[in-house]
Amino acid sequence: MAKIQYKMMQMPVALILGSQVAYPYRFVVIRSGMKKSVKNKKNRVRRFFGLLVIVCLFFLGGAAVVSVLYLANLAEGMDKRFAGRLWDIPSKIYSDITLLYPGQALNPPLLLEKLDRLGYRPVSGSPSKPGEMRFSKTALEIYLHEFHSPFHEQKSASVWVGLKDSRVTSITRSDMDTKGAILELEPEVLMLYFGPDRERRQLVSIGQLPRHLLHAVMAAEDHGFYDHHGVEISGILRAVLMNLKELEFNQGGSTITQQLAKNYFLTPERTLSRKFKEFLITGILEYRFDKDTILEMYLNEIYFGQEGSVSINGIGEAARFFFDKSAKDLSVSESAVIAGLIKAPNLFSPHRNPERCLGRRNDMLDAMHKNGWLSDESLEKEKAKPVKPTEYRDYRQQAPYFMDYLTGQLATLYSREVLSSEGLSIFTTIDTEVQAAAEKALKRGLERMEAANPSLKRKNPGESLQGAVIVMQPKTGYILAMVGGRDYGMSQFNRATQARRQPGSAFKPFVYLAALDKYTPASMLSNSPRTFMVNGKPWTPKNYYAQADPVLSFRRALAQSQNLATVNMAYDMGLEKVSKIAKIFHLSVPDDPYPSMALGTIEVDPLSLARAYCVFPGDGVLPFPLSIREVVNTDGKTLESRHAEIERLISPAKAYMMSDLMRDVVREGTAKSLKQLGVDWPVAGKTGTTNDAQDAWFVGYTPNLVALVWVGFDDNDSLHATGATAALPIWADLMKALPQYVSGEWLSMPSGIEKLSVCADSGEIAKEGCCPRVREEIFLFENQPETLCREHECSSQLEKVIDGIKKILPSF
């Protein structure tokens, strides 16, 4: 029938309808086929549902496989994250320590500024906690912070520093039995090397934290943290109801583990897919780690607000920022404040909203009490306490020009990624009191010049009068201060290290040093005009003052900075000797020397010139400029240690002689105004002024300090001032602010120096006829005068004749 049906169904319709016989036959055939088609339809339905089941099982299996693969991939990503450093910790740049000792002179304002930067808070009574201090004219009482480094261990202890007339009389420490102890103040944080997230964080261990701090955090965020397995159903249901009510996805209902999953691994957007990932990560965390580990990671991760552009992350950093103390030292009340910030750091900040912060703190205390973590008595006691945060400070790096210089040196040792992530401690040579004094002195000096001469002011701040200051220790090469301009925010160009300027007369000491083998301080020099041929053209130098003596001594020529005497001497002894000595001092000079080079027409950077001057108070030794003392990793292991690198250039005798010559620059030469400026202790140095007064210099030193000041315009405009009127007053202001580095002592005379009486007119050994033109002079042992004065020879013979006549006359 199936075959008949098939054929009948293939017949033309017209044939079927046109035959009376065919119709009933067709009806019978189709009716018989309908029974079969119903049966086939049931089979098709069964096959469809079977196929559907297979497809569903396939998709469910596929989904399960995909889920397993996704979960495995998620776990692998977490493993990679945990295998490395959990957080990027910015490296910290520290200053040098500050030493106080009996007999030391102090600058109280600078010292108090330093203590404030170190986080010491003034109190009315005796300091009783770390970070407290009290200052008066007779004493400084301070309770030290703890500080640990490979070269400085500081225990928390109270210290009493006796003072009289701004001088330390005695030091008594609670952790020492004897008086006369020294006090080393911990170094300051100058800068942090941040990564792109600019997060500041101090890692803490949960074992070091007080229980009340952990209870405060759990009371605020997840009181059942130790009871659930990462997800709290009641919290989720509560969040779902709130979301349905608000028709938004705002409520999270997150536990501490979920918050860690969200903050550490995920982005902050609120979506169902992110929530699903959060659940998966939460499960993995709970499976792999114990509760204490999860809580510790959470406490180190959580966000607590901003310090200017810097993010405060982790409870350790929050304790420092808000209360200037270690997290382990937080009180119950302070712990409640910190815990209350987690929900909304800016809303409940004790700096911005003290009233809201107080209310939130009390809510946290109530929550702790409700969970049995705080007694009734303690609750009332803690609620009665005021909230006293430390003073708010925006993050601000210190000594920015020095930091740029330091960064250039560190780049040769570590990558930017290492510096921004591995939490290195980099200890530098900077003395923050010297740095602060240098910045203030330069700022005041430039403003004083502009006030005295308004033509120096510029409408465009980028074209303003500029300056640079460098302060170094001559024997170690330590850079104590570096100022590369008057305003780092306006110009980051570091004139202390990057500017190439003519030193002018500040170069002359090296010319006179080169001449010491031929000339002595008593040698007489020609100071008369002379024309030199340079590249086929005549060049005639001039003195700054036209009425100078035509002949004068070697000593006076340097003290008065006489140009003609200097060039004549340099040319006569050989310009190549000047070039040679300059190269020995690592100053750049041309291979083919020329006469004007003796007047400082070469170009130098201020740091190189300051370093070169270190040789004179440094007994003839050239130090390498040091900015880094030590680099330490987070385990306290020293990775890099820098010690003084020195190079012997000249003998101690020659170094002493040059210092003695330059003392006359200050006593009676171009820098004699220092005494009027208040500098009444022994100083040596040299002024410098270039053509058209484009540059003004003074490089001066004591036995312990070399300080350089440069003033000028970046575009070489004229200052209409000299080194003595532009740079010297700034140098004086700087040094007067640093009494701890100055004293009445001077350099000791080394062996190899002889003292002789010479005639001031001839420079030869004095004899009777030279009186009263006789003075004492120092000489190198190998280069001292041997000839008696010939200038007063006739007068000496005449005196002998007169003496003889006087002896004869009484006999008549």
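Reader: Which helix holds Glu417?
Author: Glu417 lies in helix H15, residues 416-421; helices (H or I, at least four residues) and strands (E, at least two) are DSSP runs numbered from the N terminus. The model is predicted, with local features needing pLDDT of at least 70 and side-chain atom pairs pLDDT 80 or more, while totals for chains, interfaces and linings use all residues. Residues are numbered from 1 along each chain as its sequence is written, and side-chain values use heavy atoms, without hydrogens and water.

Reader: Is Glu417 buried or exposed?
Author: Glu417 counts as exposed because its relative accessibility is 63%. Exposed means over 50% relative accessible area, buried under 20%, and partly exposed in between (1.4 Å probe, protein chains only).

Reader: Which residues point which way from S27?
Author: Asp695, Trp697, Val699 and Tyr701 point one way, and Ala696, Phe698, Gly700 and Thr702 point the other. In a regular strand, side chains alternate between the two faces of the sheet.

Reader: Which strand pairs with S27 over 6 bridges?
Author: That is S26, residues 684-689, in the antiparallel sense; strands pair if DSSP finds at least two bridges between them. Gly685 stands opposite Gly700 of S27. Their hairpin has 5 residues between the strands, and Asp692 takes a positive phi near 60° there.

Reader: And how many bridges join S27 to S28?
Author: S28, residues 705-712, runs antiparallel to S27 and is joined to it by 8 bridges. Asp695 stands opposite Gly712 in S28, and the hairpin of S27 and S28 has 2 residues between the strands.
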